[in-house]
Amino acid sequence: KPRSFYEQAGVTLIHGTSVSAVNANAHTVTTDRFGTIRYGKLLLATGCVLRRLTVPGSDLHGIFYLRTLADSDALKNEARPGRTAVVMGGSFIGMELASGFAQKGLKTTLLHRGSAVFDKLGSPEASTFFARHYTERGVLLRMEEEAAAFAPHPSGDGSLEIRMTRGDTLRADIVAVGIGVTPDTSFLQGSGITVENGVIVNEYLEASVPDVYAAGDIAHFFDPLYERHRRIEHWDTAIQHGKIAGANMAGKREAYDQVSYFFSDVFDLSFEYFGDAAETDQIILRGLFEEASVTVFYLRDRVVRAAFTMGRPKERAALVRLLKSRHRFADPAVLADSSRSLGSHLDTAG
């Protein structure tokens, strides 16, 4: 938005400024350029900072991260057909980067320290399917692999030599790193605000001290649907958090009760993941991965707690209803029957 948008809304916008400290008792924040600012209500929405490589040579030119628009532009400028790319990380960012490079005509290798791609999905069938899909499109997958060091390639052409933990070497024009992030909370030391894998907040996004709230990646929030604290790194959660935190700071009392989700587009595939599969004890497949039309249900005590879905957009709304309902199935195997709509299970349950 232009600056005039904020001015008309009564918002004072200060760019290029960092907060070095928060004093919750005095209701103040200390900045690097504008001194101390007093607050009535405070929203912490600083997001996360990148995990960066720490091995020798990890500061060399040609190693890229993806966090800002400038990062994206730099990668796009370097990703030219015929070049060689190495991607580090086998989760969402890494898999999306590898897909993008391969589709632009780069010879692409993906390194992942885990034993299977998309292993966070907790579905061996999904990992096997995606591994085959990527391999068939020219991406070389190297599992349980990490880079031990980087150096300029002896050819002097500007490419990098990557020494692997297993002893062999790779050559790359581009190294793209997607190894995760950590909550940006260092400025909260000594503030009195409880921090544990992010800022601890309740279902109303209130922190451990009065008048302080947190939203987005930084918020380790209590999720009423799962009855435990969670932290989610996704823009949709940040948007929903922002709406609720803003309303509560303005005097409402609204709990976060959304079904969290992720989505991704890789090659010719689009998929979504709803809920949280942690501590589930049963997996049921509906449809076939081979047809790129499948839903994977993750259950605990016969209750659907999470779902991965691909190629079945008409089931999306019913999936959300199913997760929010906490419906306990007498026989969860009925979920595998694609001839019966997901909504009918809830209709039957009343």
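Strands E15 (residues 199-201) and E17 run parallel and are joined by three bridges; strands, marked E and at least two residues long, and helices, marked H or I and at least four, are DSSP runs numbered from the N terminus. Two strands count as paired if DSSP finds at least two bridges between them. The model is predicted, with pLDDT of at least 70 needed for local features and 80 or more for side-chain atom pairs, while totals for chains, interfaces and linings use all residues. Residues are numbered from 1 along each chain as its sequence is written, and side-chain values use heavy atoms, leaving out hydrogens and water.

**Strand E17 and its partners**

- Val199 has Ala219 in E17 as its bridge partner.
- On E17 (residues 219-223), four of the five residues are buried, meaning under 20% relative accessible area, with exposed over 50% and partly exposed in between (1.4 Å probe, protein chains only).
- E17 also pairs with strand E18 (residues 228-230), here in the antiparallel sense and over three bridges.
- Phe222 is bridged to His229 of E18.
- Four residues lie between the strands in the hairpin of E17 and E18, where Glu227 takes a positive phi near 55°.

**The five-stranded sheet**

- An open sheet is formed by five strands in the order E6-E13-E7-E8-E9, with parallel pairing.
- Strand E6 (63-65) and strand E9 (140-143) are the edge strands, each pairing on one side only.
- From one strand to the next, the twist averages 20°.
- Four bridges link E7 to strand E13 (residues 174-177) in the parallel sense, and Ala85 has Ile174 in E13 as its bridge partner.

**Helices across the sheet**

- H2 lies across E6 and E13 and runs at about 140° to E6; axes are lines fitted to C-alpha atoms, for helices over the stretch in contact, and angles between N-to-C directions run from 0 to 180 degrees.
- Helix H3 (residues 92-103) lies across E7, strand E8 (107-112) and E13, at about 170° to E8.

**Arg83**

- Arg83 sits in the loop between helix H2 (69-78) and strand E7 (84-88).
- Arg83 counts as buried because its relative accessibility is 18%.
- The side chains of Arg83 and Glu78 make a polar contact (2.7 Å); the term covers a pair of N or O atoms within 3.5 Å, and within protein one must be able to donate a hydrogen and the other to accept it, with residues adjacent in sequence counting only if both atoms are side-chain atoms.
- Leaving aside neighbours within four places in sequence, Arg83 is in contact (heavy atoms within 4.5 Å) with Glu78, Leu106, Lys107, Asp173 and Ile174.
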